[in-house]
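Student: I would like to learn how to read the features of a model like this one. Please take them one at a time, with the general idea before the case.

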Amino acid sequence: MQRVWQYGLKSLLRLLPNRCIACRQSLQSDEQGICAVCLKSGIYQQPVCLGCGINIAEPGECYLLPYCGGCQKLEPIKIIAPCSYHDGLGTWIAAMKYQKQFAVLNALNYELAKSVLELQQQSWYSLPQAIIPVPLHPNRLKQRSYNQAWLIASQLSQLLALPLIDDVLIRVKDTQAQAGLDGKQRRKNISEAFELNNEFAYQRIALVDDVVTTGTTVNEIAQCFQRRNIDVQVWCLARAEAPDLNT
Ligand SMILES: [Zn+2]
Ligand SMILES: [Zn+2]
């Protein structure tokens with residue numbers, strides 16, 4: 001069903017405005033949706049911990065370490081994102097989901113792909129073999145008419161020449177939105193919401209979502225893969241800091 005909606009979205013993407021979505025200045029020919037100045041001030045200014053998202057090094061030491069001191073023992077799932085939701089371009093990422101406004105999609109996906117390729121130079125990091133978008137439940141997909149995670153993943157698959165696999169991970173439970181729930185409610189809401197329906201030939205995958213807040217959803221999905229000894233990392237356009245929910 002998602003493939004059908006692709007066509008409508010492709011035409012939307014062609015209609016990107018010729019002014020910066022943030023500052024309204026005219027865009028240069030190499031800028032898409034957002035100008036270089038607004039993009040630069042919206043993305044991370046220095047490397048962040050791939051576990052919890054806090055700043056971990058001085059500017060210039062790009063992704064020197066994967067984890068902050070606190071995360072080194074626990075080795076949480078690695079989350080790669082070009083910006084913070086609240087201090088970065090969250091407003092425009094939300095606009096993708098709620099207003100079909102995709103102005104920042106290309107620019108942020110390009111930044112994300114760039115980070116992934118930079119990480120690839122590090123000995124502790126392995127590129128995934130396939131990209132998997134976090135699926136919507138069919139009911140939600142019908143309502144919204146597209147899955148923004150699929151759209152992000154599809155573009156990353158082209159940018160990085162990695163296969164997009166969208167038929168193995170199934171959302172079997174039509175959960176309520178995670179926003180507004182506390183940590184415990186989030187875990188309960190999302191528990192057993194996903195299933196892997198096929199034999200899966202890959203050992204390492206990147207799970208793609210638009211925004212990761214507490215990581216409850218991606219951790220729940222990661223367990224499905226980890227039970228089959230498949231390594232999971234997460235790629236998203238922004239990390240949302242929600243310290244009060246990390247319980
Ligand atoms: Zn601008
Ligand atoms: Zn950390």
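Tutor: Start with sequence spacing: the donor residues of the zinc ion (ligand 2) are spaced C-x2-C-x15-C-x2-C. Two notes on conventions come next. This is a predicted model, in which local features need pLDDT of at least 70 and side-chain atom pairs count only at pLDDT 80 or more, while totals for chains, interfaces and linings use all residues. Residues are numbered from 1 along each chain as its sequence is written, chains are lettered from A and ligands numbered from 1 in the order in which they are written, and side-chain values use heavy atoms, with hydrogens and water left out.

Student: Which atoms are the protein donors of the zinc ion (ligand 2)?

Tutor: Donors are N, O and S atoms within 2.8 Å of the metal (3.2 Å for Na, K and Ca); water is not among the atoms, so sites may look incomplete. Here the protein donors are the SG atoms of Cys-49, Cys-52, Cys-68 and Cys-71, lying 2.3 to 2.4 Å from the zinc ion (ligand 2).

Student: What arrangement do the 4 donor atoms around the zinc ion (ligand 2) make?

Tutor: Four donors count as tetrahedral if all angles lie between 85 and 135 degrees; four count as square planar and six as octahedral if opposite donors are over 155 degrees apart and all others between 65 and 115, and anything else is irregular. The ideal angle for four tetrahedral donors is 109.5 degrees. Around the zinc ion (ligand 2) the angles are 105 to 114 degrees, which makes the arrangement tetrahedral.

Student: Where in the chain do Cys-52 and Cys-71 lie?

Tutor: Helices (H or I, at least four residues) and strands (E, at least two) are DSSP runs, numbered from the N terminus. Cys-52 is in the loop between H2 and helix H3 (69-74), and Cys-71 is in helix H3; the pair links distant parts of the chain, 19 residues apart.

Student: How many disulfides does the structure hold?

Tutor: A disulfide is a pair of cysteine sulfur atoms within 2.5 Å. The structure holds 0 disulfides. Cys-236 is in none; its nearest cysteine sulfur, that of Cys-83, is 8.6 Å away. Cys-236 counts as buried, at 0% relative accessibility.

Student: Which strands does E6 pair with?

Tutor: Two strands pair if DSSP finds at least two bridges between them. Strand E3 (residues 130-133) pairs with E6 in the parallel sense over 4 bridges, and 8 bridges join E6 to strand E7 (residues 231-239), also parallel. Arg-204 stands opposite Asp-231 in E7. Of the 9 residues of strand E6 (residues 204-212), 8 are buried.

Student: How many aromatic pairs does a search of the whole structure find?

Tutor: Rings of Phe, Tyr and Trp (its six-membered ring) pair if their centres lie within 6.5 Å; planes under 30 degrees apart count as stacked, over 60 as edge-to-face and the rest as tilted. The search finds 4 aromatic pairs. In one of them, Phe-102 and Tyr-146 have ring centres 5.5 Å apart and planes at 70 degrees, so the pair is edge-to-face. Phe-102 counts as buried at 3% relative accessibility, and Tyr-146 is buried with a relative accessible area of 3%. The rings of Phe-200 and Phe-225 have centres 5.7 Å apart and planes at 65 degrees, so that pair is edge-to-face. Both Phe-200 and Phe-225 are buried.

Methods:
Buried means under 20% relative accessible area, exposed over 50%, partly exposed in between (1.4 Å probe, protein chains only).
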